[in-house]
Amino acid sequence: MATKIASGKRRLDTTAQAHSDSHAHEEGQVSFKMYLPAIISFVMLIAGIFCENVFRFSFFNGWVSVVWYLIAYLPVGFPVVRKGVESIARGALFTEFLLMSIATIGAFAIGQYPEAVAVMLFYTIGELFQNAAVTKAKRSIKALLDIRPDKASVIRNNEIVTVAPETVLIGETIQIMAGEKVPLDGVMLSAGSSFNTSALTGESKPDTILTGNTVLAGMVNIDKVIQLRVSSLFEDSALAKILFLVQNAAKRKAKTELFIRRFARIYTPVVVCLAIAITLIPYFFVDNYIFSDWLYRALIFLVISCPCALVISIPLGYFGGIGAASHKGILFKGSNYLDLMAKVNTIVMDKTGTLTKGVFNVQGVESISHDKKEFIDFVAALERHSNHPVAKAIVRYANQNPAILETENVEEISGYGMKGSIAGKVILAGNEKLMRMAGIQIGIDLSSIEETMILVAIDGVFAGYITIDDEIKDDALVAVNTFKELGIKNIIMLSGDKNAVVQKFSRTLGIEAAFGDLLPEQKTEHLERLKKQPDNVIAFVGDGINDAPALALADVGIAMGGLGSDAAIETADVVIQTDHPSKIATAIKIGKSTNRIVWQNISLAFGVKFIVLILGAGGLATMWEAVFADVGVALLSILNAVRLQRMNF
């Protein structure tokens, strides 16, 4: 994984410059210079039409008319013709640029000068609209790129030195002034401060972080001067991973997008062949065949057939969906997952850290054979070697009156618990499965206890248990209810926690199917059984290392990114940065809206083009109708795609 992230860092470094360049380019897009060619052509086109058809100036005929419209054509037509020639040089013979070039040059050849200029003019206007739409769609993603810090104030030799974040090492202390961006992940050394986390999480409410808690790169310190102890290199920070995900999301295309691109490569040469047929075949069947009339029909056919609306608006729709999601703190690793999210009908969720806060507190300690203080000290000494939330809760409880005990041969058994030796005694601390595996007789009925339990055995004898409770996340119930409103037919909870605990939480949340006492491989087995049902499109939501196999197996793996492990985030297809389960429902809504807009654009493009194609081939449509069918539909599709940025999910 380190190699993968390092590779991501190198890509980030390269992309930083590209971003700087694209930023300048985007600023140029709103300058007058970008609109000047279209303005010149538009003014000359309108003036030419008025001189020729309204005022009927006698001088405006013959070569004067040709030269006038040719000058009007060049600002908007020359760039398209050049792209067509460049495409042919690269081996891409049949492109929309070639179609537009043939159609407009042909229009000049048969004396339809205004139509030739109009086709290229409106195509250029469409391109300007597209650029504006793409800029708007990129705005949310660009906001993430803008939070990439370019400096860090590190304390070295009792002096504050300003350096690049990439050069700061783990364990060094950095200082962040009020109003500054946090350059690296770190642990709070100061008393605490408030942070604006909106760029990372999409949440506008400031977050207060106290001593000992983690502060992430990209947050903005809004309270006072603080110091952090760096816990991750820049390339391993949460911010670097987020940037890597967002910048590479567009590389994974949705099936619809890939189909349209393949379709355009086949469709364009077919259209050219049909246009040739429309021009030449009537010669053998029509008595009063006039070449220029049938050539005009073929040119109309070419303009109508241009696949601009499809090849522009569909990628823009998916890009808009990714941008809208990132603005909400949801990272899609590719547009293909937007399509899959729209189809999800089965959601399988882990419990701890996904539906519950994962912040445990010890509720009670029951020791059978040892002093309670000695009992909890034994367990805490063992659990200090684990990063599991339950282990941290026990250590935190024991630290109220700590004892320092030496541990040996410590082993963490995934899905079971901990094993080790303390003062010559073999200590086991874990679930019932661990006790059964070790042949420990518990001797008391624990089935009625609806809290998470850590059972403890000392030297092969059951010694007692610790009860621990977790809290449901504030929006977990809202999330489950929204899933039902969205038509999700199966909502399932899988957990390694005690089954009685899992059933208690499932009743509270209204989840009908819940399974506890599961090992990681048993979660995977549940998913495999669900996947055997062909109608199921499954999303699995988890946050821990043990969830990684299930995340990889599901149609869509969703990781809780705030508290989630690196393995879970790396494996998942979608990352929820805020850890709010309600954002899963938001991701589904965005996927459905994106899918709906893409298919609206496909239907609009094909529907209008088909009608005008028939009219054009039959001689009932002019070049002006062809312009609407091509550029007009492209504009409508672009405006439709832009709606994603305005929707309230």
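Me: Which residues of helix 11 meet helix 20?
Reply: This is a predicted model. In it, helix 11 contributes Leu338, Asp339, Met341 and Ala342. Helix 20 answers with Ile584, Ala587, Ile588, Ile590, Gly591, Lys592, Thr594 and Asn595. Helix 11 covers residues 335-343, and helix 20 covers residues 582-617.

Me: Why is helix 11 called roughly perpendicular to helix 20?
Reply: The two pack at an angle of about 105°, with axes 7 Å apart. Angles of 65 to 115 degrees count as roughly perpendicular. The angle falls in that range, so helix 11 is roughly perpendicular to helix 20.

Me: What makes helix 4 and helix 9 roughly antiparallel?
Reply: Again, look at the angle between the axes. Helix 4 and helix 9 (residues 291-305) pack at about 150°. The cut-off for roughly antiparallel is over 145 degrees. The pair is therefore roughly antiparallel. Their axes are 9 Å apart.

Me: Which residues make that contact, and what is the handedness of the crossing?
Reply: Helix 4 uses Leu99, Ile102, Ala103, Gly106 and Ala107. They meet Leu299, Leu302, Val303 and Ser305 in helix 9. The crossing is left-handed.

Me: Why is the pair of Tyr73 and Phe108 called edge-to-face?
Reply: A search of the whole structure gives five aromatic pairs. One of them joins Tyr73 and Phe108, with centres 5.3 Å apart and planes at 85°. Ring centres must lie within 6.5 Å to pair, and planes over 60 degrees apart count as edge-to-face. Both conditions hold, so the pair is edge-to-face.

Me: What makes this a link between distant parts of the chain?
Reply: Tyr73 sits in helix 3 (residues 63-89). Phe108 sits in helix 4 (residues 96-109). They are 35 residues apart. Both Tyr73 and Phe108 are buried. Ring pairs also join these two with Tyr69 and Tyr113 in a cluster.

Me: How do you know that Arg297 lies over the face of Trp294?
Reply: Arg297 is at 4.0 Å from the ring centre. The distance limit is within 6 Å, and the charge must also be within 35 degrees of the ring normal. Arg297 is found to lie over the face of Trp294. Lys504 does likewise over the face of Phe505, at 5.2 Å from the ring centre.

Me: Ser421: buried or exposed, and how do you know?
Reply: Its relative accessible area is 17%. Buried means under 20%. Ser421 is therefore buried. Ser421 belongs to strand 14 (residues 417-422). Beyond four places in sequence, Ser421 touches Glu406, Thr407, Glu408, Asn409 and Val426.

Me: Why is Ala423 called exposed?
Reply: Ala423 has a relative accessible area of 68%. Exposed means over 50%. So Ala423 is exposed. Ala423 is in the loop between strand 14 and strand 15 (425-430).

Me: What makes Asp459 count as partly exposed?
Reply: The relative accessibility of Asp459 is 43%.

Me: Where is Glu180, and why is Glu180 called partly exposed?
Reply: Glu180 is in the loop between strand 3 (173-176) and strand 4 (186-188). Its relative accessible area is 25%. That value lies between 20% and 50%, so Glu180 is partly exposed.

Me: Which residues is Glu180 in contact with, leaving aside its neighbours within four places in sequence?
Reply: Gln175, Met219, Val220 and Asn221. Met219 is 39 residues from Glu180 along the chain, yet their C-alpha atoms are separated by 8.6 Å.

Me: What makes Pro79 partly exposed?
Reply: Pro79 has a relative accessible area of 27%. The value is between 20% and 50%, so Pro79 is partly exposed. Pro79 lies in helix 3. Pro79 and Met120 are 41 residues apart in sequence and 9.7 Å apart in space, C-alpha to C-alpha.

Me: What are the totals for the protein?
Reply: There are 21 helices and 22 strands. Of the 649 residues, 52% are buried. Among contacts with a separation of 6 or more, 67% join residues 24 or more positions apart.

Key:
Residues numbered from 1 in each chain as written. Predicted model: local features only at pLDDT ≥ 70, side-chain atom pairs only at ≥ 80, totals over all residues. Heavy atoms only, no water. Phe/Tyr/Trp six-rings, centres within 6.5 Å; stacked < 30°, edge-to-face > 60°. Helix = DSSP H or I, 4+ residues; strand = E, 2+ residues; numbered from the N terminus. Buried < 20%, exposed > 50% of the residue type's maximum accessible area, 1.4 Å probe, protein only. Axes fitted to C-alpha atoms, helices over the stretch in contact; angles between N-to-C directions. Parallel < 35°, antiparallel > 145°, perpendicular 65-115°, else oblique. Left-handed = near helix turned anticlockwise from the far one by under 90°. Contact = heavy atoms within 4.5 Å.
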